[in-house]
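The points are grouped by topic.

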Amino acid sequence: MSFIKFNEDKVDSFLFMELSDVARTLTKNKQLEVEYGYKSYYDPHENKIIISRFWDDYSKLEKRFGLFSDVFLTSISSEDYFDKLIAKELIEKSDGRPLVSFTRQLFVMLEDLRLEDIFIKIRPGTRRVFAVRRQVFRRYFTSQLNVNITRGAYTDALFNLIYLILAAESPFIEYPTIHAEIDPVIPFLQTEVTKVFDARSTEDTAKITFSVIEVLEELLQEDMLNLYFYISENVYKKLGDELTYDDLKRCNALKNNDVLNKEKEGDEDVHSEKLPTWHQETEDTTKSFLKFDLEQGTQTDLIGEGVREGEAGDQALAVVQGKSKRTKHKDFSKAETDSVEVDKEEALAGSAEDEKYGKANKFAVPIYVWLEQTTFAEKEQYGNLKMVVLPYQKKLKQMIQKTLEHKKILPREDLHIGRLNKKLIRYFTDDQPRLFYKKNQPSPEIDAVFSLLVDCSASMYDKMDQTKLGITLFHEALSGVGVPHNIVGFWEDSGDATEVRQPNCFKTVVDFTNFADLKSGPNIMQLEPEEDNRDGYAIRLMCEKLLQRHEKQKILLVFSDGEPAAFDYVENGIIDTHEAVVAGRKKGIEIINVFLANSEITENQQKTIKNIYGKYSILVPVIDDLPDILFPLLRKLLLRSI
């Protein structure tokens with residue numbers, strides 16, 4: 001099982017979810033996705049905001065504020081404050097120029113500083129966030145300036161100096177000399193780039209950028225080597241490529257432009273003739289169906305008035321409309337509109353169905369694995385495990401039975417009818433006194449249902465045998481007190497997983513229908529370590545089954561030994577699993593994780609499990625101790641459900 005890492009750091013899933021929520025709130029776009037990348041930028045085509053991994057090397061506070069500043073700037077660049085067409089024009093103009101990288105990075109740097117000021121004015125509470133961002137950048141660009149001067153990368157050093165000039169806290173700071181030919185132009189650059197503080201639009205920033213570049217192109221011999229700020233060439237070059245309604249209209253002109261001089265008088269004859277499907281204008285064969293590309297004729301002011309409205313059954317119109325449908329009445333004027341609305345509803349329903357189990361599981365499909373015939377060895381192995389957990393089972397059963405009996409004979413007080421209570425003073429003090437009691441209650445029952453999900457990923461190879469001991473205790477303890485439950489092992493078939501299909505296997509060794517059957521226990525021995533694990537998808541499926549049960553208390557236990565790891569699930573597995581847990585709890589299902597380990601549990605592992613399951617997680621550092629830890633958990637849950 002692999003861990004999610006970016007620059008050798010694990011993802012803080014809570015922080016990542018905060019960033020996603022803030023980005024969606026600022027952009028008012030619920031479908032917006034946030035991803036980690038090399039540099040931060042906004043991609044309107046993919047509906048994504050990319051946040052930079054640059055901040056991973058800094059302190060916790062600096063990393064947090066740095067990532068939030070990335071979200072703030074990229075989200076505001078998706079609105080009217082940033083002109084994407086100007087950015088596209090700048091990219092096109094910079095193509096082929098000797099300082100193409102310098103031009104684009106300077107433009108992005110200036111725009112970031114301009115947008116910072118705008119965002120602070122809109123939301124003054126973010127001032128500290130951007131102050132930390134500039135503080136980190138000043139340290140970073142100061143070190144880069146010295147390194148680039150030493151290495152002779154003077155173009156990069158000049159870029160570093162420009163940022164330090166713009167982000168300086170005082171105008172009297174002295175900077176090291178870069179090169180004898182470059183130093184004389186620095187006062188000019190300082191005058192030009194500081195105009196960004198008066199810039200009111202992206203267009204102003206672009207003008208400042210080119211005014212600087214025109215001077216530097218005659219001075220600098222080489223372009224920049226490093227990438228400090230990024231603008232996606234592919235993103236902005238795609239702008240304007242989308243088809244519009246006008247693009248679907250005829251664009252080619254007629255071969256001639258004759259106009260009939262005679263105006264219509266109102267008594268013109270209308271002739272009906274059959275239109276052949278071939279004539280000299282459609283002489284060349286095409287793939288069109290009943291399509292006539294007439295390119296010559298004479299324009300008149302005649303307007304046809306005898307047009308029959310098309311019906312959904314017309315074959316020529318069916319190509320455009322998409323499908324033929326019968327209307328409810330004989331009013332064909334709404335046939336096209338109704339069809340479009342129905343198709344739209346079907347499309348929305350299909351989209352919702354695709355994301356029923358989470359966006360990350362759009363292509364996941366369940367595969368239910370059949371149980372094999374239980375062997376003699378498996379029965380013998382289960383018998384041995386059953387003898388180990390027998391003391392726990394008996395103790396739990398006796399405890400539950402005593403609790404049930406105690407509640408059965410426990411007197412019920414403060415009733416309107418029954419036996420008279422000795423506490424009669426309430427007759428004088430209360431408006432509606434309850435002076436009676438009854439000795440016996442109806443026989444209470446355990447109104448609960450359990451489901452156990454067992455991680456069968458490959459990383460369980462050294463824990464599965466001891467895990468089976470805990471599963472046996474779970475099954476025997478619940479069976480002994482008649483509590484319905486099921487036990488399901490899950491894994492993803494990594495060998496058959498593709499970008500459009502990820503088969504997830506589920507092996508139900510104990511079902512709700514046969515949990516009381518003595519023959520169902522040995523099936524637990526058929527659980528073995530397999531391949532990957534897609535926890536969020538499995539949790540959603542089990543919650544779906546639990547919601548079909550009538551019991552009041554629904555409990556889902558998840559036995560796992562680490563983070564989710566499956567095909568195209570590495571970056572968002574923690575987030576998806578957490579969302580599945582939250583969604584299940586909102587529906588009234590108690591979801592508890594039992595984290596299995598065979599060594600000391602690291603701080604990062606504890607933090608990750610807490611990020612997914614919150615405080616409802618039990619850590620088992622020594623797998624041999626699983627029965628001793630599982631027993632009090634089952635006891636507490638069962639007593640609470642009585």
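Helices (H or I, at least four residues) and strands (E, at least two) are taken here as DSSP runs, numbered from the N terminus. On that basis, the protein contains 18 helices and 17 strands. The model is a predicted one. Of its 642 residues, 43% are buried.

**Overall contacts**

- Among contacts between residues at least 6 apart in sequence, 73% join residues at least 24 apart.

**The largest nonpolar core**

- The largest nonpolar core comprises 77 residues, and those with the most contacts inside it are Phe-102, Leu-106, Phe-159, Leu-216 and Phe-229.
- Helix H4 (residues 100–122) supplies the largest share of this core, namely 11 residues.
- A second, separate core has 46 residues, including Cys-456, Leu-478, Met-525 and Val-594.

- Phe-102 lies in helix H4.
- Phe-102 has a relative accessible area of 0%, which is under the 20% cut-off, and therefore counts as buried.
- Leaving aside neighbours within four places in sequence, Phe-102 is in contact with Thr-155, Phe-159, Ile-162, Ile-213, Leu-216, Asp-223 and Met-224.
- Phe-102 and Leu-216 are 114 residues apart along the chain, and their C-alpha atoms are separated by 9.7 Å.
- With neighbours within four places in sequence again left aside, Leu-216 is in contact with Leu-99, Phe-102, Leu-158, Val-185 and Leu-189.

**Cysteines**

- A disulfide is a covalent bond between the sulfur atoms of two cysteines.
- With a pair of cysteine sulfur atoms required to lie within 2.5 Å, the count of disulfides is zero.
- Cys-456 is buried, because its relative accessible area of 1% is under 20%.
- Cys-505 is also buried, at a relative accessible area of 9%.

**Packing of helices H15 and H16**

- Two packed helices are described by the angle between their axes and the distance between the axes.
- Helix H15 (residues 535–546) packs against helix H16 (residues 573–586) at an angle of about 15 degrees, with their axes 7 Å apart.
- Angles under 35 degrees count as roughly parallel, and H15 and H16 are therefore roughly parallel to each other.
- The crossing in which H15 passes H16 is left-handed.
- On the H15 side, the contact is made by Asp-535, Gly-536, Tyr-537, Ile-539, Arg-540 and Cys-543.
- On the H16 side, Asp-576, Thr-577, Glu-579, Ala-580, Val-581 and Gly-584 take part in the contact.

Key: Residues are numbered from 1 along each chain as its sequence is written. This is a predicted model: local features need pLDDT of at least 70, side-chain atom pairs count only at pLDDT 80 or more; totals for chains, interfaces and linings use all residues. Side-chain values use heavy atoms; hydrogens and water are left out. A nonpolar core is a set of buried Ala, Val, Leu, Ile, Met, Phe, Trp, Tyr and Cys residues joined through side-chain atoms within 4.5 Å. Buried means under 20% relative accessible area, exposed over 50%, partly exposed in between (1.4 Å probe, protein chains only). Contact means heavy atoms within 4.5 Å. Axes are lines fitted to C-alpha atoms, for helices over the stretch in contact, and angles run from 0 to 180 degrees between N-to-C directions. Angles under 35 degrees count as roughly parallel, over 145 as roughly antiparallel, 65 to 115 as roughly perpendicular and the rest as oblique. A crossing is left-handed if the near helix is turned anticlockwise from the far one by less than a right angle, and right-handed if clockwise.
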